[in-house]
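Student: Please take a close look at a single part of this structure, the surroundings of the ligand. I would like one connected account.

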Amino acid sequence: MPVVGIIGAGVMGKDVAITCAAQGYDVVLCDHDPAVLSAAAGDIRALVRRYRLMAPDEPRWKDKAIPGRILTAGNLAELAGSDWVVENVVEDVAVKERVHRELRTVCGEGTRIAVNTSCVSITRIAALAERPEDVIGMHFMNPVPLIECVELVRGHHTSGETTKQAEAFVSALGKRPVVVRDAPGFVSNRLSHLFMNEAAFLVQEGVAEPEQIDAIFTLGYGHKMGPLATADLIGLDTVVASLKVLHDGMQDPKFRCCPLLQKMVDAGLVGRKSGQGFFTYGVPR
Ligand code: NAD
């Protein structure tokens, strides 16, 4: 079975690892933070249990070997020889650039690189690679095992062959690829971050409480989640970082970050993963 190297064992990295392992791929999950790595195996077992409980009849969750297919690594060199490397480090362009510069010495021919990012330019990241034509944006959505759509983003250099291989890889994960071209925020986040940011402005201005704002989306528009619950799920730190990228990339003031969002991040109220955001959660994820 092909090997998938995953960089970043945060919210997305662990979910992408589980999604790949559930389809039989061998996974090497790499993070630079030893505390994150030592918690990863326990987190993965707990997440797999949760997904199994949510969909007990799905054959993929009956496989007891899923956590065992995910090895952890503290060093990017351990990803050498992977068929795909999926990068999921923090939404900070300088950090992503450092990681992709280092990948030049790790990934040989035959390794394709997927960048999982909310807004960072795929073209800019690919330009740092040894073979920019082998790099593509692979925007998974949270929670990865439950969301069917993956937005594939063709950068300036991405080849037709890499796009074809990425569509095949995403389809093998049981998902539906949607191919778009590179632009700040692509399609999904250019739209969704306007909703989330404007919803935060409504809370800041006291126009409505988070519950009321989200109810209009769930009850009124039939969305599964409202914009503020979505922001909590993504992580308000990631939302703020993405708004900055959109603001810089588009040079358009409509993407200016709501001060309340920044204040909540400064206070450590970053959403589900901290236990508190616009809503309160029992256990941090
Ligand atoms: P996160 O903060 O939960 O995790 C990021 C992980 O990257 C951390 O564990 C951190 O230790 C690790 N990391 C940082 N620098 C590293 C390095 N140099 N080498 C190895 N590991 C490093 O972030 P996340 O929510 O998982 O987001 C990851 C990426 O996925 C971001 O680009 C984000 O925009 C994108 N994304 C997030 C969501 C979401 O809902 N959270 C959805 C789609 C896409």
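**The ligand and its surroundings**

Tutor: A polar side-chain atom of Asp 31 sits 2.7 Å from an oxygen atom of the ligand, a polar contact in the sense of a pair of N or O atoms within 3.5 Å (within protein, one must be able to donate a hydrogen and the other to accept it, and residues adjacent in sequence count only if both atoms are side-chain atoms). The model is predicted: local features need pLDDT of at least 70, side-chain atom pairs count only at pLDDT 80 or more, and totals for chains, interfaces and linings use all residues. Residues are numbered from 1 along each chain as its sequence is written, and side-chain values use heavy atoms, with hydrogens and water left out.

For Val 11, a backbone N or O atom lies 3.0 Å from an oxygen atom of the ligand. A polar backbone atom of Ile 234 is 2.9 Å from a nitrogen atom of the ligand. Taken alone, the ligand exposes 830 Å², and the protein buries 89% of that; accessible areas come from the Shrake-Rupley method with a 1.4 Å probe, and for residues only the protein chains shown count as cover.

There are 26 residues around the ligand, and Met 12, Asp 31, Glu 91, Ser 118 and Asn 142 come nearest; a residue is near if one of its heavy atoms lies within 4 Å. By class, this shell has 11 nonpolar, 10 polar and 5 charged residues. Here Ala, Val, Leu, Ile, Met, Phe, Trp, Tyr, Cys and Pro count as nonpolar, Asp, Glu, Lys and Arg as charged, and the others, Gly among them, as polar.

Helices α1 (11-22) and α4 (93-103) each supply at least two residues of the shell, and α4 gives the largest share, 3 residues. Helices are DSSP runs (H or I, at least four residues), numbered from the N terminus.

The chain is divided into domain 1 (3-181) and domain 2 (189-266), with bounds from an automatic or database domain assignment. Their contact takes 7 residues from domain 1 and 8 residues from domain 2, where contact means heavy atoms within 4.5 Å. About 660 Å² is buried between the two domains, 62% of it from carbon and sulfur atoms; buried area is the accessible area (1.4 Å probe) that two parts lose on being put together, summed over both. On the domain 1 side, Glu 91, Cys 119 and Asn 142 lose the most area to domain 2, together 63% of what that side buries. Glu 91 and Asn 142 are also among the residues that come nearest the ligand.
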